[in-house]
Amino acid sequence: MNKLITISQSPHVEGDFTVKKIMYSVLIALVPALAVSIYYFGFDAVRVILIAVAASVFFEYIIQKFLIKGKTTVTDGSAIITGVLLAFNVPSNLPIWMIILGALIAIGVGKMTFGGLGKNPFNPALVGRVFLLISFPVDMTTWPSNRFALAINPDAVTGATPLAILKEGVKNGEKVTDLLSQIPPYLDMFFGNVGGSLGEISAFALIIGLLYMLMKKVISWHIPLTMLGTIFVFSEILHFANPERFADPVFHLLTGGVMLGAIFMATDMVTSPMSKKGMIIFGVGIGVLTIIIRNFGAYPEGVSFAILIMNMFVPLINKYCKPKLFGEKV
Amino acid sequence: MTILVTIITLVSIGVIAAVILFLVAQKFKVFENPKIDEVEEALPGANCGGCGFPGCRGMAEALVNADDISTLFCTVGGNETMAEVAKILGKEVTAKDPMVAVVRCNGNFEKRKRTNQYDGSATCVMAANLYSGDTACEYGCLGLGDCVKACNFDAIKIDKTTGLPVVNQDNCVACGACVEACPRNIIELRKKGPKDRRVFVSCVNKDKGALAMKACKSACIGCGKCAKVCPFGAITIENNLAYIDFEKCKLCRKCVAVCPTGAIHEVNFPAKKAVAKPEKKKQTEEIKEEINKTSENKLN
Amino acid sequence: MLKTFSKGGVHPAANKLSADKAIEILPLPKTVTIPISQHIGAPAKLLVKKGDKVKVGQKIAESGGFVSANIHSSVSGTVSKIDKIFDASGYKKPCVIINVEGDEWEENIDKSKDLKKDISLSAEEILKKVSEAGIVGLGGATFPSHVKLSIPKGKKAEVLILNGVECEPYLTADHRLMLEKTDEILVGIKILMKALNVDKAFIGIENNKPDAINRFNKFVENYDGIQVVPLKMKYPQGGEKQLIKAVAKREVPSGALPIDVGAVVHNVGTAFAVYEAIQKNKPLFERVVTVTGKSVKNPLNLLVRVGTPTINLIEAAGGIPENTGKIVSGGPMMGKALVNTDVPITKGSSGVLLFEEKESKRQDVQNCIRCGKCVSVCPMGLEPYLLMNMVESKMWEELEKNNVLDCIECGSCMFTCPSQRPLLDYIRLGKSTVTKIKRSRKK
């Protein structure tokens with residue numbers, strides 16, 4: 001043997017868990033929801049997703065190459081995820097330039113200003129989404145009906161989402177019990193036959209994704225379960241106190257971005273706490289904030305804001321939720 | 001009426017806040033000698049820590065508070081700055097010789113054969129914690145550049161062709177950060193010397209001659225020739241390693257000429273005129289002879 | 001439900017390639033290089049000089065303090081040199097080099113293979129003899145065994161735990177020893193129990209060694225107070241604190257020793273060495289070493305004299321494969337990479353592991369994605385990512401407050417990190433720096 005042998009510190013073996021694998025597992029988990037959105041929104045969905053992904057990857061590459069001048073890491077798949085999630089959070093008829101602008105804000109402001117993957121305090125896709133929502137509220141909350149609804153009734157180009165119906169109704173002093181008759185049945189909402197942003201319509205497809213990620217151990221159950229549980233319990237309490245003013249928990253779980261947020265947004269590793277205890281606090285916080293914003297705030301939907309607000313608390317949670325030391329007495 | 005109420009409310013809030021601010025400022029006022037600011041102004045503001053204080057302000061405080069400031073010295077500013085400080089404070093300073101960092105290892109790729117390749121984290125401390133390095137010499141430079149990272153003045157760089165750090169003496173302020181950072185204690189602060197000329201032993205290998213030679217062709221083998229030839233008694237041999245005391249050295253360069261391995265380096269001297277180099281073969285023989293002599297001595 | 005420790009842990013691929021290979025005796029080498037520091041603690045003091053004739057089992061270096069151990073010659077022959085040689089630590093250490101001439105043993109060593117069950121010595125005599133025989137922990141930590149057997153005043157050992165876990169991938173030395181020397185190990189355990197004055201002993205064995213579990217279950221019936229505890233496979237179960245937690249459900253607090261919770265842990269290999277020392281008068285000068293690796297032609301387990309160059313073992317396993325990139329002494333998780341193949345086998349070498357070139361290079365380091373895997377796998381409940389950041393920014397006091405010294409350097413964090421960050425490298429640096437700071441504070 002005339003080659004030089006290698007010396008390095010232990011451990012000398014590495015697990016088969018890599019950043020790339022995590023990112024592509026998340027992408028695979030997103031496929032069912034993607035399929036459902038294409039099924040209901042047709043070519044529009046494909047257009048929005050492709051543009052969002054292409055723009056995200058493009059901006060990440062450009063910024064890394066020419067502004068940061070470091071190695072480019074676009075191949076790790078995180079920009080693709082940001083693109084898909086951004087697309088999932090917008091209506092299918094959003095103008096192209098808005099999608100591109102959203103991607104620029106998501107990648108440029110939400111991610112790269114902090115130093116790229118792993119250093120961003122906020123979920124980049126949500127940063128882009130909230131930016132669009134605040135800047136272009138009309139375009140962002142005009143939901144086109146899906147192509148089956150259009151086939152039946154060609155005039156109903158746009159329809160309000162259940163959450164918007166509820167918010168509007170409550171504002172006008174109508175009873176929730178009456179309003180619920182205007183929204184689609186829960187089974188339709190579960191499988192996605194409802195208006196809304198691309199990816200959030202089908203709870204069923206998102207849950208398949210969740211199961212896949214749990215199976216692959218990409219995420220742990222702590223955040224999604226505590227978040228959904230809190231939403232259920234909290235809205236049940238409100239509903240029990242005043243059923244005429246507050247909708248029932250199943251309504252809250254199935255509408256809007258709750259499922260998408262709980263499964264794909266809140267669980268984003270970079271912007272969620274490290275320890276299990278911290279994850280539980282994080283999930284509960286998002287749940288409480290979501291219900292508060294939905295029932296008492298100005299916006300019909302509160303998941304994005306709730307997640308971004310809790311993102312802010314992550315460093316604090318990490319600081320105070322230390323794992324229990326071995327041998328430490330409780 | 002409403003306008004009036006608004007104005008009055010706002011004005012009163014403003015006044016109350018101002019009073020509170022004033023009282024708080026009074027209560028928490030810390031007296032500081034204004035001279036500290038003045039001295040800090042005079043210091044270079046590099047905050048390098050070369051003086052032993054955390055930043056220039058710490059140094060300024062120490063300078064103002066100390067009765068005798070001759071032990072304190074700002075290596076960055078040098079004598080000029082110290083004279084200025086002395087003027088502000090009305091205290092006396094003694095001029096000090098300017099110093100410079102010197103790398104005491106000359107085992108480049110050619111002279112020091114690599115025996116393995118390191119693949120851990122690229123810092124010298126960690127490599128030194130793990131093992132003796134990627135050559136057979138367990139004293140020499142690891143070449144991973146902890147000194148470069150420690151330097152705030154861009155004065156030390158790893159030369160890619162030799163794998164050794166090189167000090168840029170114009171940038172070096174002798175703050176000692178690299179000396180601190182080097183886990184092998186290879187870098188030393190030495191007198192910059194008249195016309196920047198200096199002579200030093202560029203090796204820290206404490207092994208016996210034969211072992212040191214095996215690891216690196218330009219190691220100091222501790223033969224003692226330099227000590228014998230030095231007319232000023234500046235060279236001492238300890239643990240098979242020669243050391244030149246820069247206070248005693250008069251830069252005659254006799255030691256450079258006699259060193260069989262070329263471990264003693266001279267810097268910034270004008271090029272010598274046509275001194276015929278001994279043939280290479282002869283040189284190695286000479287070294288072997290020296291090693292034999294020294295090892296015999298050791299056994300006796 | 002099988003027992004295991006509760007916090008953290010990883011599951012590296014076991015790769016026990018040599019599990020069904022019986023222990024073979026390696027022929028004597030031409031020369032041996034015996035380091036005089038093969039244990040944790042003070043190096044031993046030399047008793048021989050150049051030119052001396054030595055016999056197998058002759059003491060050649062004497063314990064240099066309380067935490068230190070005697071060193072015995074593993075061969076008979078002439079001391080040819082006393083020199084500084086690279087050992088597994090990666091540094092040159094003083095070694096005795098002996099030219100082998102024949103194989104002449106000290107007269108009082110019983111070379112027979114008969115099992116001697118009766119323990120005639122008292123606890124003090126056992127302790128003295130263990131110390132005399134230079135026995136150290138053979139699991140890899142090489143902590144002098146007599147120190148572990150001397151219980152400090154005011155404390156009492158309640159339970160003896162035998163470590164037959166061998167949680168490191170690849171290694172099978174303890175596994176084979178348990179299968180082939182079952183009775184001897186059990187007598188060794190009885191001796192240790194007598195020395196510690198305990199009436200309960202547990203042998204922890206992971207369930208990937210069902211043959212060893214069955215064999216011990218069959219044999220323990222003849223010995224009082226010994227019980228086999230099958231454990232669920234998880235790394236680092238062989239860690240002292242983790243094993244105590246798994247077997248006895250006791251947690252050793254931060255900074256404390258196992259004896260503080262009434263437990264004493266010894267390796268099964270140590271139990272065998274104790275048996276040989278007490279019943280056969282044989283000091284510790286040979287041990288079982290696994291030679292393995294994916295590209296090794298014939299992975300096997302060898303009984304090797306201390307001081308044998310590593311290359312002899314590799315030759316016995318079919319020679320160095322052309323594509324070898326790294327040679328490790330010990331297991332893949334905690335072993336040390338060797339600088340060359342002449343490094344001698346010491347009391348602590350449990351294996352020689354050859355890595356192919358492509359396995360031996362580290363992957364590129366990426367940004368931390370804050371996935372928290374390192375936190376969830378840390379068996380000591382630390383936050384490796386945080387400790388690494390603190391070392392990077394030189395926050396030594398913060399590191400101490402975050403219990404960096406509790407780290408057992410098992411490598412689980414680095415093994416599991418998806419960004420291949422060198423967490424353990426940094427934590428080790430933090431540990432050594434914090435230790436230095438603590439020491440200087442005491443002065």
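# Group meeting: a walk through the three chains

Okay, let's start with a pair in chain C: Lys282(C) and Glu286(C) make a salt bridge, and their closest N and O atoms sit 2.5 Å apart. Keep in mind that this is a predicted model. Over all chains, the structure has 39 salt bridges, and I'll pick out a few as we go.

So, how confident is the predictor? For the complex, it reports an ipTM of 0.88 and a pTM of 0.88. Chain C has an average pLDDT of 92, with 100% of its residues scoring at least 70. Chain B comes in at a mean of 85, and there 90% of the residues reach 70 or more.

Where in chain B is the mean pLDDT lowest, and where is it highest, among its elements? The lowest belongs to helix H11(B), residues 280-299, at 56, and the highest to helix H1(B), residues 2-27, at 93. Two stretches of chain B deserve a caution. Residues 275-280 of chain B have pLDDT below 50, and beyond near neighbours in sequence that stretch makes zero contacts in the model. Then there's 295-300 of chain B, where pLDDT again stays under 50 and the model shows one contact beyond four places in sequence.

On to the interfaces, beginning with A and C. Here 39 residues of chain A touch 64 residues of chain C. Between them the two chains bury about 4,400 Å², with 55% of that on carbon and sulfur atoms.

Now C against B. This contact draws on 16 residues of chain C and 19 of chain B. The buried area is about 1,500 Å², and carbon and sulfur atoms give 47% of it. On the chain C side, Tyr91(C), Lys92(C) and Leu429(C) lose the most area to chain B, together 35% of what that side buries. Again, the interface of chain C and chain B has one salt bridge. That one joins Lys84(C) to Asp207(B), with 4.0 Å between the closest N and O atoms.

While we're on salt bridges, here's one inside chain B. Lys191(B) pairs with Glu247(B), closest N and O atoms 3.8 Å apart. What does the pair link? It ties together distant parts of the chain, 56 residues apart. Lys191(B) is in strand S5(B), residues 187-191, while Glu247(B) is in the loop between strand S8(B), 241-244, and helix H10(B), 254-258.

Next, some helix packing in chain A. Helix H15(A), residues 276-296, and helix H16(A), residues 303-320, pack at about 150 degrees, with their axes 8 Å apart. The crossing of H15(A) past H16(A) is right-handed. Who's meeting whom? From H15(A) you have, among others, Ile281(A), Phe282(A), Leu289(A) and Arg294(A), and from H16(A) the list includes Phe305(A), Ile309(A), Met310(A) and Val314(A). By type, the residues of that contact split into 13 nonpolar, four polar and one charged.

Ser10(A) and Pro11(A) are joined by a cis peptide bond, with omega about 0 degrees. Pro11(A) sits in the loop between strand S1(A), 5-7, and helix H1(A), 19-41. Chain C has a cis bond to show too, from Tyr235(C) to Pro236(C), with omega near -5 degrees. You'll find Pro236(C) in the loop between strand S11(C), 226-231, and helix H6(C), 240-248.

And one from chain B to finish: Asp196(B) isn't a glycine, yet its phi is positive, about 60 degrees. Asp196(B) falls in the loop between S5(B) and strand S6(B), 198-201. That's my tour, thanks everyone.

Definitions and conventions: Residues numbered from 1 in each chain as written. Chains lettered and ligands numbered in written order. Predicted model: local features only at pLDDT ≥ 70, side-chain atom pairs only at ≥ 80, totals over all residues. Heavy atoms only, no water. Axes fitted to C-alpha atoms, helices over the stretch in contact; angles between N-to-C directions. Helix = DSSP H or I, 4+ residues; strand = E, 2+ residues; numbered from the N terminus. Left-handed = near helix turned anticlockwise from the far one by under 90°. Contact = heavy atoms within 4.5 Å. Nonpolar A, V, L, I, M, F, W, Y, C, P; charged D, E, K, R; others polar. pLDDT = per-residue confidence, 0-100. Buried area = accessible area lost by both parts, 1.4 Å probe. Salt bridge = Lys/Arg side-chain N within 4 Å of Asp/Glu carboxyl O.
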